[in-house]
Amino acid sequence: MATVTIEGDRLIVDLSGWEAVFALKRRIDVPISSISSARAGTLTSKRPNGLRLPGTYVPAVITAGSYWWKGRGWSFWSVRHHESTIDIRLHETRYHRIVIEVADPYETEALITGAIRKAGSTE
């Protein structure tokens, strides 16, 4: 599972072990100001649309890596169990969407939403 932390004005997503190997990425670092929303428990599909560049996809087992879809841009996925995911929507960054599996999606949603509110109140 991915680990999500807030460090200053940045959201850090760390992948470890096999997750990092399958996704071919160990860390994603984005500014809090680029996060539009974070939602737990809303994932309807374990497979993103688009071209996987690079990553791993095994139907009904794992979706991991970067995906590009014409007209939408890049998304990043690291999912094995869709019930434990959080869907983070972004703007003005490489990825327009990050979908990751975390230990507690609702706690992670609250962490990110709180950071968005805090960043908004200081601007």
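## Salt bridges

Asp87 and Arg97 join their side chains in a salt bridge, with N and O 2.8 Å apart (a salt bridge being a side-chain nitrogen of Lys or Arg within 4 Å of a carboxyl oxygen of Asp or Glu). This pair links distant parts of the chain, with Asp87 in strand E8 and Arg97 in strand E9, 10 residues apart. Strands (E, at least two residues) and helices (H or I, at least four) are DSSP runs, numbered from the N terminus. The model is predicted: local features need pLDDT of at least 70 and side-chain atom pairs count only at pLDDT 80 or more, while totals for chains, interfaces and linings use all residues. Residues are numbered from 1 along each chain as its sequence is written, and side-chain values use heavy atoms, with hydrogens and water left out.

Asp87 also forms a salt bridge with Arg89, where the closest N and O atoms are 3.0 Å apart. Asp87 has a relative accessibility of 5%, whereas Arg89, at 36%, counts as partly exposed.

The structure holds four salt bridges. One of them is between the side chains of Asp14 and Arg27, at 2.7 Å from N to O. Asp14 belongs to strand E2 and Arg27 to strand E3, so this pair ties together parts 13 residues apart in sequence. Asp14 is partly exposed, with a relative accessible area of 24%; Arg27 is partly exposed as well, at 44%.

## Nonpolar cores

In soluble globular proteins, nonpolar side chains tend to be buried together. A nonpolar core is here a set of buried Ala, Val, Leu, Ile, Met, Phe, Trp, Tyr and Cys residues joined through side-chain atoms within 4.5 Å. The largest such core has 25 residues, and those with the most contacts inside it are Leu11, Phe76, Ile88, Ile98, Ile100 and Ile112. Elements that give two or more residues to this core include strand E2 (10-14), strand E8 (85-90), strand E9 (95-101), helix H1 (17-23) and helix H2 (105-121). Apart from this core lies another, of five residues, among them Leu43, Tyr67, Trp77 and Val99.

Ile100 is in contact (heavy atoms within 4.5 Å) with Ala2, Val4, Val13, Phe76, Ser78, Val79, Ser84, Thr85, Ile86 and Ile88, leaving aside its neighbours within four places in sequence.

## Strand E6 and its partners

Six of the eight residues of E6 are buried, so the strand is largely enclosed by the rest of the structure. E6 pairs with strand E5 (residues 51-58) in the antiparallel sense over six bridges; two strands pair if DSSP finds at least two bridges between them. Tyr57 stands opposite Thr63 in E6. Three residues separate E5 and E6 in a hairpin, and Ala60 in the turn has a positive phi of about 65°.

On E6 and strand E7 (residues 73-79), seven bridges join the two strands, which run antiparallel. Trp68 stands opposite Trp74 in E7. E6 and E7 also form a hairpin with three residues between them, and here Gly71 in the turn has a positive phi of about 90°. Gly73, found in E7, touches Tyr67, Trp68 and His96, not counting residues up to four places away in sequence.

## Surface patch

Leu51, Leu53 and Trp68 make a nonpolar surface patch of about 280 Å². Patches are made of residues with over 30% relative accessible area and no salt bridge, with nonpolar side chains (Val, Leu, Ile, Met, Phe, Trp, Tyr) joined within 5 Å and like charges within 9 Å. Accessible areas come from the Shrake-Rupley method with a 1.4 Å probe; for residues, only the protein chains shown count as cover. Trp68 lies in E6 and is partly exposed, with a relative accessible area of 35%.

Thr108 is placed in helix H2 and is buried, with a relative accessible area of 11%. Its contacts, leaving aside neighbours within four places in sequence, are Val4, Ile86 and Val102.

Tyr106 is also found in H2, but counts as exposed at 53% relative accessibility. Tyr106 touches Ala40 and Gly41, not counting residues up to four places away in sequence. Between Tyr106 and His96 the separation is 10 residues in sequence and 21 Å in space, C-alpha to C-alpha.

Conventions
Buried means under 20% relative accessible area, exposed over 50%, partly exposed in between (1.4 Å probe, protein chains only).
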